[in-house]
Amino acid sequence: MDRTQEIALAKMRKSVEKLGSSTESYGEKTLMRFLIARSMNPEKAAKMFCQWKKWRAEMVPLGYIIDSEVADESAAEKVYLQGLSKNEYPVAIIKLNKHFASKDQVQFKKFVVHALDKTIASSFNGREIGNEKLIAILDLQNISYSNVDTLGLITGFQFLQAYYPERLATCYILHMPQFFVTVWRFICRFLDKATQRKMRIVMSEEQKQEFIREVGEDVLPEEYGGRAKLVLLQDVAVNY
């Protein structure tokens, strides 16, 4: 950590205290994620951090969401957790053709948090460092209009931006049908520039080969050009 980062970090800690909160239980790498997300502005990072702490206390009072709270969403078998990429980022696959807009928005939001927390937790053994990232693969193959949940997708990305700053390494989007292009352009209005830069739409054969190289054949399922088998999110055991 250079001197500029150290000064920004110290200012952020003081700003958090002024807002009536504390950074006592959080390491430098966790706090740096908030600083980076707010362009190294200590006051804005402090505000974001305090909002995140308040949100976690309300949404995840136990520190994690138990399986029974998201049983209906899990039953759709739409999220898979594949292990670590070449850069040691956990790889999560979302099959959108198995998703339908939820009638229970509270459970859906909890499922988003459950999936993100479990994906991050799968990347470390023992104690979290604080700067862990993840790779998301959004597979749009064989989707119909009934699978297009614009609000759900916006909610997922907004949760990432607001409450999981600097957790997303890359989001690969596969098999995008022509009718979804307009939907995607609308969703992008709700993504900040930093998040948009992490989106990779895989279309050409060259892009597909690059995607396979970057993620790694050992964790990618066979249907995506790898050698692994699909592993359901609920079949993966983690220590929070």
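The points below take up these topics in turn.

This is a predicted model, in which local features need pLDDT of at least 70 and side-chain atom pairs count only at pLDDT 80 or more, while totals for chains, interfaces and linings use all residues. Residues are numbered from 1 along each chain as its sequence is written, and side-chain values use heavy atoms, with hydrogens and water left out.

**Helix packing**

- Helix 3 (residues 42-59) and helix 5 (residues 105-121) pack at an angle of about 110 degrees with axes 12 Å apart, where helices are DSSP runs of H or I of at least four residues, strands are E runs of at least two, and both are numbered from the N terminus.
- Axes here are lines fitted to C-alpha atoms, for helices over the stretch in contact, and angles run from 0 to 180 degrees between N-to-C directions.
- Helix 3 is therefore roughly perpendicular to helix 5, a class that covers 65 to 115 degrees, whereas under 35 counts as roughly parallel, over 145 as roughly antiparallel and the rest as oblique.
- In this contact (heavy atoms within 4.5 Å), Trp55, Arg56 and Met59 of helix 3 meet Lys109, Lys110, Val113 and Asp117 of helix 5.

**Salt bridges**

- The count comes to 16 salt bridges, each defined as a side-chain nitrogen of Lys or Arg within 4 Å of a carboxyl oxygen of Asp or Glu.
- Arginine 56 is buried at 17% relative accessibility, and aspartate 117 is buried at 10%, where buried means under 20% relative accessible area, exposed over 50% and partly exposed in between (1.4 Å probe, protein chains only).
- Arginine 167 and glutamate 132 meet in a salt bridge at 3.2 Å, N to O, and this pair joins the loop between helix 6 (150-163) and strand 4 (168-174) to the loop between helix 5 and strand 3 (134-139).
- Arginine 167 is buried, with a relative accessible area of 5%, and glutamate 132 is buried at 8%.
- Glutamate 166 and lysine 198 form a salt bridge with closest N and O atoms 3.7 Å apart, and both residues are buried.
- Lys95, Asp139 and Glu223 are linked in a network of salt bridges.

**Cysteines**

- The whole structure contains 0 disulfides, a disulfide being a pair of cysteine sulfur atoms within 2.5 Å.
- The sulfur of cysteine 171 is 10 Å from the closest cysteine sulfur, that of cysteine 188, and so is too far for a bond.
- Cysteine 171 is buried at 3% relative accessibility, and cysteine 50 is buried at 16%.
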